[in-house]
Amino acid sequence: MRLPHKNYCIFARNNCRPKWALTSFPGSGVTWTRQLIEGVTGIYTGTVYGFAEPPIVAGITPSVIIILEVIILFIISFNLNTDEGHHGNEADPNCECTILIKDHDVLMPDFSSFPITKLKNPQITDNQTRRDNRNRGPIRSFLYDNRGILLLRNPIDALFTFAHYLGSSENQTGIVSSDDFKSPQFDNYVDYVADTWADHAVGWIQDIQNGTVLFYERLLLEDTEAELKRLLNVIHFSDPLHPPIDPERMRCTLLHKNRMDRKRAYKPEIPLTPRHRSKLMSSIEKVQTSLLEKGWPLLPVYLYNLRL
């Protein structure tokens with residue numbers, strides 16, 4: 001398998017890469033993390049959400065995506081690689097040709113979520129019949145033979161990021177007014193995030209047999225290169241031309257790691273109530289305990305903005 005030059009991406013050959021989940025609670029920065037992983041490996045990441053998933057880089061319009069979908073069907077059918085465009089989202093998750101596969105694997109809110117007049121998330125509608133709130137843990141880890149990378153972010157940051165996504169009709173850079181947070185529905189939403197963030201994380205920590213945890217804050221604020229190298233070592237990736245990792249690709253990835261095409265420059269928030277904060281801190285403690293029991297790295301709480 002030949003890796004592409006510079007900033008291009010390709011697919012691995014079909015049935016070449018075993019399925020690895022890249023799982024996170026929504027709003028945890030998985031799109032940005034996929035940019036980093038593709039940048040340093042040169043291999044596309046995939047997603048279980050298929051054509052509904054926006055491109056991980058900006059600049060590809062819906063009309064272009066339709067054309068690319070036809071192209072990618074041809075590419076996968078004939079077991080070819082390409083180094084133009086972005087096609088990872090259109091790949092069959094079972095092709096075993098992507099480096100990792102995005103899969104939030106969480107139950108979406110099944111109550112009248114906030115902001116009630118703007119919420120148009122089809123994933124929520126699809127899950128309205130699933131009302132067992134006692135277990136919000138993983139339901140799909142077995143699809144990856146319990147291989148996975150768990151991406152964790154400060155749940156308070158994830159809470160507001162996901163809220164803006166839901167309230168702006170699934171716009172990855174959209175925002176809503178802080179007034180939309182001032183409602184009884186927001187209290188329900190905070191409970192949902194606190195419970196689901198923790199249950200999802202603990203469930204995957206327990207289920208993963210091959211894999212590790214990755215921290216958004218360390219990728220962003222500390223040693224990005226070391227975190228990426230740790231990840232790639234766990235998933236057994238080695239660049240065939242420049243093992244274990246192409247230094248030029250790493251240099252370029254780090255140079256552009258602060259790109260904003262899939263980030264919000266500004267996110268309105270409101271102060272959390274003591275009840276909100278207590279609920280979220282309990283979730284952090286629950287996940288920290290699970291990581292400790294697993295023997296994995298602990299949450300970098302010292303990097304968290306806890307809105308104290």
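This is a predicted model: local features need pLDDT of at least 70, side-chain atom pairs count only at pLDDT 80 or more; totals for chains, interfaces and linings use all residues.
**Loops, sheet and salt bridges: a quick chat**

Trainee: Is Asn146 buried or exposed?

Mentor: Buried means under 20% relative accessible area, exposed means over 50%, and partly exposed is in between, using a 1.4 Å probe and protein chains only. Asn146 has 17% relative accessibility, so this residue counts as buried.

Trainee: What relative accessible area does Asp105 have?

Mentor: Asp105 sits in the loop between S3 and helix H3 (122–126). Asp105 also has a positive phi, about 50°, without being a glycine. As for accessibility, Asp105 is buried, and the value is 0%.

Trainee: On to the sheet: which strands are the edge strands?

Mentor: Two strands pair if DSSP finds at least two bridges between them. On that basis there's an open sheet of five strands with parallel pairing, in the order S2-S3-S1-S4-S5. Each edge strand pairs on one side only, and the two are S2 (46–47) and S5 (210–215).

Trainee: In S3, which residue is the bridge partner of Thr47?

Mentor: S2 and S3 (residues 101–102) pair in the parallel sense over two bridges. In one of them, the S3 partner of Thr47 is Lys102.

Trainee: What angle does helix H7 make with the direction of S5?

Mentor: Angles here run from 0 to 180 degrees between N-to-C directions, with axes fitted to C-alpha atoms, for helices over the stretch in contact. Contact itself means heavy atoms within 4.5 Å. H7 (residues 224–234) packs on the sheet, touching S4 (147–152) and S5, and its angle with S5 is about 165°.

Trainee: Where does Pro244 lie?

Mentor: A cis peptide bond joins Pro243 and Pro244, with omega about -5°. Pro244 has its place in the loop between H7 and helix H8 (247–255).

Trainee: How many salt bridges does the structure hold?

Mentor: The criterion is a side-chain nitrogen of Lys or Arg within 4 Å of a carboxyl oxygen of Asp or Glu. With that, the number of salt bridges is 12.

Trainee: How far apart in sequence are the parts that Arg307 and Asp157 tie together?

Mentor: These two form a salt bridge, with the closest N and O atoms 2.7 Å apart. Arg307 lies in the segment after helix H9 (274–294) and Asp157 in helix H4 (residues 155–167), so the pair ties together parts separated by 150 residues.

Trainee: And which helix holds Lys279?

Mentor: Lys279 forms a salt bridge with Asp195, the closest N and O atoms being 3.2 Å apart. The two are 84 residues apart, with Asp195 in helix H5 (residues 184–207) and Lys279 in helix H9.

Trainee: Last one: is Glu222 buried or partly exposed?

Mentor: Glu222 meets Arg218 in a salt bridge (3.7 Å, N to O). Arg218 counts as buried at 19% relative accessibility. Glu222 has a relative accessible area of 36%, so this residue is partly exposed.

How values were computed: Residues are numbered from 1 along each chain as its sequence is written. Side-chain values use heavy atoms; hydrogens and water are left out. Helices (H or I, at least four residues) and strands (E, at least two) are DSSP runs, numbered from the N terminus.
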